[in-house]
Amino acid sequence: MLQAPWRGNVVADRLARRELVRHKGRSALIIALVMLPVMVVCALGMLAAQEKQDFAARQYGAATAKVEKLQYWDGKCQQSDLTSASCTDSTIQDGEKSPAPDWSAVGSLPQQQVPEVQAGQTVTVEGVTMDTTLAVVDLTSPHAAERWAVEPSVVPGAHEVLTTKELATRLNLRTGSQVTVGDSTYTVAGLVRTDEYGVGIVVAPEHPLARTAAASSRAVRTVFLYGDEPTLGQVQQLNKAGLGISTREAFDHMQGSDTQAVSLQALLLVVLVLATLLTSTIVGAAFAIGIRQQRRNLALLGATGAPGRTLQGVVVRQGLWLGLVGSLLGAVAGVAWGWAGVRWLNAADSGLPQPLRIPWLLLPLAILVGTASAVVAAWLPARRIASQDVMTSVRSAEASQTEARLPKAGLVLATLGLLAGLVGPRLWPSGGGRHPGTVPVETIVGPAAICVFLLFLASLFMIPWLLDRLGRRARGPLAWRMALRDGARNRSRATATVAAPMAIASLAGALLVANQSMGQTDLDHYQYTSRVGVGSASSATSNTMTPQLWQRTSQVIQQVMPVAASAVVREPQVCDSSVPMGPACTNALMVQGDEVCNDRGGCSSSSNGVSVYEPGYFRVLTGRDATAEEKSLLARGGVLVSDGLPHGDAVQVVAWDPAKAGAKESVTVPAKGIGQVGQVALMDEATLTELATKAAIKDTFTFFDTGIDPTQAQVDQLSHELSKAGLGNLASVSVEQGPNSSYLTTQKWFALASAVLMLVVAALAGALALRDARDAHTSLAAIGASTATLRGMAAVQTMVAVGLGSLLGLLVGAVPMVLMVLSSMGGVSLGIPWGWLLSLLVVIPLVASGIAFLAVRPPVARAVRVD
């Protein structure tokens, strides 16, 4: 008798919900597996939405335009565009003073006006003095909150000030603290959050400090305009008064596309692709094993006349319900975690708090992808169940499986994936344009996602063939042979147990190689200022260090770190007395490095200043005495240069003569490298004097050797102690710490998290697989298999599944990252963490097999074997 299709759907839906209730544990597991990646994607989407760089909002708030002093105004020039307040056809030269602007011209503009003034100021707290910027802001204006957020909302009185959160963090200030600004002491009335760079103190226009700021020669005045766009006549009127105007529209147009937002979106695309793969694979493994336990019930349903479509619908609807519930819960949890993350970032940041932006387009997409992943994961085993022989399923027996053939689809997908990794970055469109020597992030991330996706699918096609080959060539102890042959005989179950850890391993391989490559890039491109542990000290106002100032400075340094040796640097100095602010002195001799070109055609060169060779200075720089060969080269008029400067056996030394309008003369001298000692070049004093005839040799920096590898905490403490001793504005001290190695810590946490996830996923998939194989193990126990043999089989099955999954997953994740690094054409250095990768490949399978051997309880033999 014919049956309406909708009646079959109703039956399938009812049976699906009944199975979900019967197997609550498996249902909860699948919901959690679907929920996790959806939650991660939604949380990252919320954080990425907050990270969008709106530079126009930072500069203008909601203002239409702002009026500033017209840069390089000569009394008649006009600005050529509205992106910045500056003249392009000015006759004013650098260093010359422009006429004073007439600010009364702003009063004739019809737009609403909000003025601000900023000026340099000194702040002292408990003996620690530092330079900052004082801002005069009308906090009662309704537009003030667009660029200034006061916590709590107060207007400081005559004896109060507001401090920015950044300054309060550096000086340990809070509401009620006392702070000296200039010559007067004030009470901190509240904290201000702003994106204005360098601002530390904020006061109202009526404050006494406002009059001081307005009278300062370093004051910078800005008037924000709200309302209509300024007309051409208004711009010309302001230009005649020495004022310039820049509009938000022009500034926004100049900024163009937000490359950081594009990069974040590209990275989010990769995360979404990986999340889809993880969800589909792990959930598919759970379905593939769990559905095998339902096959007898489904077979009985099929024996009563239910069509294959109904049997398949029972399983697919389980995936639909579990995927939908897991995706919805994941989206809600992701939004909650994202909200918590935004709150945490706002609390930690000193800038304006970011409003909560919910990615409304991403949420339904993530829910759709999560649900679709679960449906696809259920559909694949559902097809197998629907097509299986009814009588075989009723008897809970295994259908015989033929020899697996080498999957051509897997080979094709692997080839396409490798091509995507090799060729994709060169063909992928770049919205921001390509520049010589650079590779846009979006041109790498997109092909990487495609490469991972295709290689992952290829690996899924290859797993049954690999299991069949292992089972047919099994050798060794009985437990080993039986485990491998069982995997080849029950390839659907074994494939699921291999695919689950492979999904986590692919993510681990990609993260570990990417992080190692970024760290290696920092190491290769790091520019040393000196040897690690060597520092330099000079006056904060000039490149000199007097003996008296060095004595005070060295005493403070030794409170934090040792000073094993020190030496004064002597350089040939030439001074230009025509500079309005006073004579400007610079090094008269520079060593020109060789030009270096990258694979994309970008070329550059650098130069180092020359100083006098002295044995003590050389020992501080290099940690050793000069060799006879190096001394001989100096005596022959050569130069010793840092290895950081590209050079051969000879270099160009350029001399600068201010008396000849900056004319430069060069001479070629022999050269030899002395290691990574910063931007240093050494010559014999006689040679140096001969080349720099117009220069006077003067004492400049003082270099000192601490003899240790200083930590960031020591460097921060040194800066604090210098300020506390009143040297913060007198002495400039720096110590070379070497390249940042924080990526090693990140690498460790990536590896540990990956190991835990691989073990958890392997344990879940292994538990489901062993439960499915319990009848087979009971039969083996009935014919005399020992407990050790059955435990050994479980251990070997777990080790092979986790080991094969780890190997394929690490290759799937690592190979695309390697291809992406190679495609950057030198922009990123290749780093492969062999130690971590081999540890995951070897240790995790051994640990998982050990857990399986100890945790598995072999079944008790039954008198009757069920066939």
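**A guided tour of the predicted model**

By the distance rule for cysteine sulfur atoms, the count comes to one disulfide. The structure in the viewer is a predicted model, and the tour begins at this link.

**Stop 1: the disulfide**

Please select Cys77 and Cys87, which form a disulfide with their sulfur atoms 2.2 Å apart. The two residues are 10 residues apart, and the pair is described as linking distant parts of the chain. Both Cys77 and Cys87 are located in the loop between strand S1 (65–69) and strand S2 (112–125). Viewed along the S-S bond, the link of Cys77 and Cys87 is right-handed, with 80° about that bond. Is Cys77 buried or exposed? Cys77 is buried, and Cys87 is buried as well. In general terms, a disulfide is a covalent bond between the sulfur atoms of two cysteines.

**Stop 2: two further cysteines**

Next, select Cys42. Its relative accessible area is 0%, so Cys42 is buried. Then move to Cys451, which also counts as buried because its relative accessibility is 0%.

**Stop 3: a patch of negative charge**

Turn now to the surface and select Asp228, Glu229, Glu249 and Asp252. These residues gather in a patch of negative charge. Where does Asp228 lie? Asp228 is found in the loop between strand S9 (220–226) and helix H6 (232–240). With 63% relative accessibility, Asp228 counts as exposed, because the term applies to values over 50%.

**Stop 4: a nonpolar patch**

Select Val412, Leu416, Leu419, Leu422, Val423 and Leu427 together. On the surface, these side chains form a nonpolar patch, and their accessible area together is about 540 Å². One of them, Leu422, belongs to helix H13, which comprises residues 408–427. Leu422 has 43% relative accessibility and therefore counts as partly exposed.

**Stop 5**

Val376 and Val316 are 60 residues apart along the chain, and their C-alpha atoms are separated by 8.0 Å.

Definitions and conventions
Residues are numbered from 1 along each chain as its sequence is written. This is a predicted model: local features need pLDDT of at least 70, side-chain atom pairs count only at pLDDT 80 or more; totals for chains, interfaces and linings use all residues. Side-chain values use heavy atoms; hydrogens and water are left out. Patches are made of residues with over 30% relative accessible area and no salt bridge: like charges are joined within 9 Å, nonpolar side chains (Val, Leu, Ile, Met, Phe, Trp, Tyr) within 5 Å. Accessible areas come from the Shrake-Rupley method with a 1.4 Å probe; for residues, only the protein chains shown count as cover. A salt bridge is a side-chain nitrogen of Lys or Arg within 4 Å of a carboxyl oxygen of Asp or Glu. Lys and Arg count as positive and Asp and Glu as negative; His and the chain ends are not counted. The place of a charge is taken as NZ of Lys, CZ of Arg, CG of Asp or CD of Glu. Helices (H or I, at least four residues) and strands (E, at least two) are DSSP runs, numbered from the N terminus. Buried means under 20% relative accessible area, exposed over 50%, partly exposed in between (1.4 Å probe, protein chains only). A disulfide is a pair of cysteine sulfur atoms within 2.5 Å.
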